[in-house]
Amino acid sequence: MKIINIAFAFFCLISLNAQQIAKSTYGTFLLKGATVHTITKGDIQADVLIQDGMIKSVASGITAPANAEVIDVSGKHIYPGMIDAGTTLGLVEVSSISLTNDNNEIGDLTPHVEALTAINPSSVLIPVTRVSGVTTVIAKPAGGLFAGTASLISLVGYTPDQMYAGFKGVVLNFPSSGKRGRRDRRSDEDIKKDTEKAIKNLDKIWTQAEAYAAMNKDKSIADYNPEMEALKLVVNGERMLMVEVNKKDDILTAIKWLKGKDIKAVLTGVTEGYKIAKEIADSGLPVITGPMLAVPARAEAAYDASYTNPSIMLKAGVKVAIRSDDTENVRNLPFNAGFAAAYGMGVEEALKAVTIVPAEIFGVADKYGSIEEGKMASLFVSDGDPFETKTQILNLFINGWNVPIESRHTLLYDEFIERSPGLNKK
Amino acid sequence: MKYIIYTILMFCCFGAFAQETGNVLIKNATVITVTKGTLENADVLITNGKIAKIGKGISAGSDTKTIDATGQFVMPGIIDAHSHIALDAVNEATDPSTAHVWVGDALDPFDVSIYRALAGGVTTSHAMHGSANAIGGQCETIKHRYGVMDPNELRMVGAPRTIKFALGENPMRVHGEGRGIVPRTRMGVEQVFRRSFSEAKEYMEEWDDYNSGKTKVPPVYDLKKETVADILKGDIIIHCHSYRADEILMLMNVCKDFGITKLCFQHVNEGFKVAPELAAFGAGASVFADWWAYKFEVYYSTAFNAAILLRNGVVASINSDSGELIRHLYHEAAKTQRYGGLTDEEALSLITINPAKQLGIDDRVGSLEVGKEGDVAIFSKHPLSVYAIPQYTIVDGVVRFDINNDPADMRIDINPEDEVSTFFENTKHHDHDNCMRDAMELFTEK
């Protein structure tokens, strides 16, 4: 009887565990026998040794250190963790419930508000995302003109500091001359006026920021002014300006606006980049574009305009990273890249656009974006091409943590594929 | 002379509904029939808009367009059981029950979304009323005959009538929160149905009494009650917007009480929780591949929903509810292989024969079988591959999308001189509220 009780208690324990995500573990791991898609150094048959959070070694026939957990991954594939260069992950939980939206502060001049402050490490959306092989994302504010400071985060950890992955950028929503949506009833003339006014306002703020930066060059002597302190970093070239701009004319205006300003900048969105790919290439500005899985912004645009956009820009010589621009479905980043690959970009370049290219844009290519010795161990094992829809992600490591392939979605599947009790209570 | 008169007469009689049909021979393809296996190096012949032959070495006359599909994949035209494309209006959001209105009165054959859907292999869609009302308007099953000018020519004539119902947050938000009337809760939503069904039942009895001579004065004709009475008679299939398990069970119970059996749930994000009950009722479930968390009632979701439903015996389909997703339903269906490991045939059934069953048109479309309508999609690779690119989409034997013949004027150019008005910001963001089109405008004043 006692045995039965113990067995029953043990059974309950297992059932209970099934309701929560298993813990990530840290240690030394040897992944043996996979095809390693290094991104920067080709595809090789090799073992990968993970130690102290880093990729310690990539070579064939590595001998396992005494304390290592050896994982046989022969016949499988290892890829670097994908980087989504633009998301709202961690900032928005349920988009229709405004009190769960921490991405849109009030005002046109809020460059000082920090995404990293409001990221919820326990967001249910984070495990759902990372089990797709997306290990690192930009969490970006979306509010007014200077919307706030975006952060690159790794999708493991329980505090924002544990998640922070070494890059911050200030988001500028460049004034748009497009319609805001179907309900925007402004006339062409009104839109033109609004746009001119918005650019004038932008110029005014920028002039102030430059003056502030000059006056407070070495240390701040002015009164408390967090907005200008945040912009000072941009003016001084210490922090990147992420310029969200989508319509052809607006992209050209933005390029002109950035010209002559000695700052670090990246164009984001760039929906109509395909129309002016050469001009963008000539500007030397890198681009973060996406999603591909989006309807074209104009009724008369080609049906596949959003699929072909990254490839057209790439071929013109633009450095292109791909983003999902999503919240709950950042897991679709590989599928966005897959469509870009199919529509002209090719798999190899599309892979770079979600790994090494964004890492280079954000200045973290020494840590992320490829499988090389000395980089952070953010990588995953799959049974095939991660862009292919049916591919399964089998193992996941983020900054050396062995993260379980579990999320709300997998747990609900486990519980309900054969519901118990079923139709009858018995 | 007699011949001419007959011809003119024929045109008078059938002209309004005479659909253009064509002849096409597709050669040397991998033919995925969905219901009868997959054939390698096979041909498909469509004659007068119907599938005439499937097999090897088929030849046809010179009046038949031949497509060399060597190395390519042919599948049945994709069917979307939930969309709002080709519609000028979606929501008559003025009353908890608007059974009398019909989106078929608001068809727009010029909507470029039809062409974009064709470019994703979709040949048939269910143009639905929105979800603002517990009992919404009647819907229209359309074929994507992009290029026709007459709205009537979009209709899939003979397809069963359908009506939109809606549970949960949308009718609660519009009527309870927005207008201060029932329903503000899921309890109230139930009573909208029970009242409507009961009143329609009484209405039918009043007519029966009048028709049998029991009463002398006819009841006042009421189109709303007529429509609900047609639901009770089984002449209209209910397609119900729903998310939570409790409300799904509620509507099944209400339907049982009124003897209604033709029921298909839409979205049904928590359908996986009550899959055995759905299967036992025989209700369909038309779901998103992976949409979730955009509102609270879809927070407890799983992308494994379709797989769980299918494996529990529910007739399940994957729908778009979106001018974006409808462009790649083949990819949405493939997600059930990542989330649930469905076979190729199971995954493809979710966007072909199963939505056809849910719309009551599975005897006409949804698989490649001799005698069925000539609706076909041709892909460069297996349609469940992320790298597949649609090549041709054929409706009734007429090529409506050809990747090699895609001139700019296939799309409507509103005003080529006008840079400003035609660019829309935020098209890249999924609009999760397509079901609420025309309804949210009511709240912008607040």
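Rings of Phe, Tyr and Trp (for Trp, its six-membered ring) pair if their centres lie within 6.5 Å; planes under 30 degrees apart count as stacked, over 60 as edge-to-face and the rest as tilted. By this rule, 30 aromatic pairs are found over all chains.

The structure is a predicted model, in which local features need pLDDT of at least 70 and side-chain atom pairs count only at pLDDT 80 or more, while totals for chains, interfaces and linings use all residues. Residues are numbered from 1 along each chain as its sequence is written, chains are lettered from A and ligands numbered from 1 in the order in which they are written, and side-chain values use heavy atoms, with hydrogens and water left out.

**First stop: an aromatic pair in chain A**

Select A:Y307 and A:Y343. Their rings form a tilted pair, 4.7 Å centre to centre with 45° between the planes. The pair links distant parts of the chain, 36 residues apart: A:Y307 belongs to helix α9 (residues 305–315) and A:Y343 to helix α10 (residues 333–345) of chain A. Helices (H or I, at least four residues) and strands (E, at least two) are DSSP runs, numbered from the N terminus.

**Second stop: a salt bridge within chain A**

Next, select A:E372 and A:K41. Their side chains meet in a salt bridge, 3.5 Å from N to O; the term denotes a side-chain nitrogen of Lys or Arg within 4 Å of a carboxyl oxygen of Asp or Glu. A:E372 lies in the loop between α12 (356–361) and β15 (379–382), and A:K41 in the loop between β2 (29–37) and β3 (43–51), 331 residues apart. A search of the whole structure finds 42 salt bridges over all chains.

Move to A:G290 and A:P291, which are joined by a cis peptide bond with omega of about 5°. A:P291 is placed in the loop between β13 (287–289) and α9. Another cis peptide bond joins A:S420 and A:P421, with omega of about 5°; A:P421 lies in the segment after α13 (408–416). Then select A:D52, which has a positive phi of about 55° although it is not a glycine. A:D52 is found in the loop between β3 and β4 (54–59).

Display both chains. The contact (heavy atoms within 4.5 Å) takes 71 residues from chain B and 75 residues from chain A. The two chains bury about 6,500 Å² between them, 54% of it on carbon and sulfur atoms; buried area is the accessible area (1.4 Å probe) that two parts lose on being put together, summed over both. In chain B, the residues that lose the most area to chain A are B:W292, B:R338 and B:F423, together 14% of what that side buries.

Across this interface the rule finds one salt bridge. Select A:R419 and B:E277, which form a salt bridge with the closest N and O atoms 2.8 Å apart. On the side of chain B that touches chain A, α2 (112–118), α7 (275–281), α8 (305–311) and α9 (329–338) each supply at least two residues. Of these, α9(B) gives the most, with six residues.

**Last stop: the annotated spans**

Select residues 292–395 of chain A, which UniProt lists as "domain: Amidohydrolase-related" in an unreviewed entry; such positions are given in the numbering used here, feature names are shortened, and annotations may be inferred rather than shown by experiment. This span of chain A is 36% helix and 10% strand, with its end C-alpha atoms 27 Å apart. In chain B, UniProt places the feature "domain: Amidohydrolase-related" (unreviewed entry) at residues 303–396. That span of chain B is 32% helix and 14% strand, and its end C-alpha atoms lie 34 Å apart.
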